[in-house]
Amino acid sequence: MNDAELEKLTGEVMRGMTQNEQNTKAERFRILNPMTKKGEILFTGSSLMEQFPIQELLVDLGSDLVIYNRGIGGFTSDDMLEHMEEQVFGTEPSVIFINIGTNDLGDNSQPFEVQLEKMLANYEQILMQIKERLPETKVYMMAYYPVNETDKVPEGWGADLFVNRNNRNLPVANAAVKALAEKMGNEYIDVNEGLTDERGMLKAEYTIEGVHMYANGYRVVLENLRKYLPLS
């Protein structure tokens with residue numbers, strides 16, 4: 001087996017393991033959802049939402065607010081459309097905060113513009129389903145967070161992280177998501193104030209590898225979310 005074949009095989013194995021892990025998370029949510037209190041707040045989306053340590057941060061604030069997190073790392077808008085019951089409808093929320101689409105945009109197998117168009121079409125389908133199933137539910141569509149393209153880029157595979165998902169394209173995507181929110185009668189919110197340094201990049205102390213954040217970054221996001229949450 002040559003190097004190219006080995007790399008291909010390794011990639012297939014890793015993708016299979018990731019998919020199995022995602023399916024396990026979705027199944028856990030399916031079983032857990034009937035045990036949840038209905039009419040509460042839902043966070044949903046991909047890893048940017050899954051890794052939001054919302055319950056720990058609420059405890060730190062002394063809040064007893066109930067927020068269910070149904071983010072699944074690695075999910076694209078295609079994946080979410082296949083798992084709406086587990087990620088959205090199963091908790092019957094009164095308020096939804098959604099952050100989905102960065103993995104679509106991060107796929108550099110096609111140009112950014114092509115990925116953005118496909119993602120927006122899926123996002124609209126997601127919102128239409130929510131409107132049909134949960135017509136009284138308030139939906140907040142969150143802006144994508146900035147990234148840090150220089151300070152903590154992982155060696156090797158990290159070079160591919162920012163081909164499409166970068167601080168030039170993300171504002172374009174955010175503008176498109178904002179326009180979609182207006183079209184669908186939802187509310188677009190940008191809670192990124194305080195996340196960036198003087199270069200406009202995600203602060204190095206907030207990020208793991210340039211994309212995902214530690215709890216200190218999410219604390220900033222939560223402070224910006226306060227006006228959208230019933231916090232004292």
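Helices (H or I, at least four residues) and strands (E, at least two) are taken as DSSP runs and numbered from the N terminus. The note below uses these element names throughout.

1. Basis of the note. This is a predicted model, in which local features need pLDDT of at least 70 and side-chain atom pairs count only at pLDDT 80 or more, while totals for chains, interfaces and linings use all residues. Residues are numbered from 1 along each chain as its sequence is written, and side-chain values use heavy atoms, with hydrogens and water left out.

2. Helix α7. This helix has 22 residues and reaches 31 Å from its first C-alpha to its last, close to the 32 Å expected at 1.5 Å a residue; the expected span is 1.5 Å times one less than the number of residues. Buried here means under 20% relative accessible area, exposed over 50%, and partly exposed in between (1.4 Å probe, protein chains only). The buried residues of α7 are Phe 112, Gln 115, Leu 116, Met 119, Leu 120, Asn 122, Tyr 123, Ile 126, Leu 127 and Ile 130. Their cover includes α4 (77-82), α5, β3 (95-99), α6, β4 and α8, where contact means heavy atoms within 4.5 Å.

3. Helix α8. With 16 residues, α8 reaches 23 Å from first C-alpha to last, close to the 22 Å expected at 1.5 Å a residue. Its buried residues are Asn 169, Leu 170, Ala 173, Asn 174, Ala 176, Val 177, Leu 180, Ala 181 and Met 184. Seen down the axis of α8, these buried residues fall within an arc of 165°, so they line one face of the helix; the arc is that of the directions from the helix axis to the C-beta atoms. The face turned away from the buried side carries the exposed residues Glu 182 and Lys 183. The elements covering the buried residues of α8 include α6 (102-106), α7, β4 (138-142) and β5 (187-189). Just after α8, Gly 185 takes a positive phi of about 75°.

4. Asn 174. This residue is found in helix α8 (residues 169-184) and is buried, with a relative accessible area of 10%. Not counting residues up to four places away in sequence, Asn 174 touches Ala 143, Tyr 144 and Tyr 188. Asn 174 and Ala 121 are 53 residues apart in sequence and 15 Å apart in space, C-alpha to C-alpha.

5. A salt bridge is counted when a side-chain nitrogen of Lys or Arg lies within 4 Å of a carboxyl oxygen of Asp or Glu. Searching the whole structure gives 13 salt bridges. In one of them Glu 50 pairs with Lys 25, the closest N and O atoms being 2.7 Å apart. This pair links distant parts of the chain, with Glu 50 in helix α2 (residues 47-50) and Lys 25 in helix α1 (residues 3-32), 25 residues apart. Glu 50 is partly exposed at 26% relative accessibility, whereas Lys 25 is buried, with a relative accessible area of 18%.

6. The side chains of Glu 85 and Arg 133 meet in a salt bridge (2.8 Å, N to O). The pair again links distant parts of the chain: Glu 85 is in helix α5 (residues 84-87) and Arg 133 in helix α7 (residues 112-133), 48 residues apart. Glu 85 is partly exposed at 42% relative accessibility, and Arg 133 is partly exposed with a relative accessible area of 45%. Elsewhere, salt bridges that share partners join Glu 21, Lys 25 and Glu 50 into one network.

7. Arg 30 and Glu 27 form a salt bridge (2.6 Å, N to O). Both lie in helix α1, three residues apart, about one turn of the helix. Arg 30 counts as partly exposed at 44% relative accessibility, and Glu 27 counts as partly exposed at 34%.

8. Asp 197. This residue is found in the loop between β5 and α9 (215-225). At 18% relative accessibility, Asp 197 counts as buried. Leaving aside neighbours within four places in sequence, Asp 197 is in contact with Leu 202 and Lys 203.
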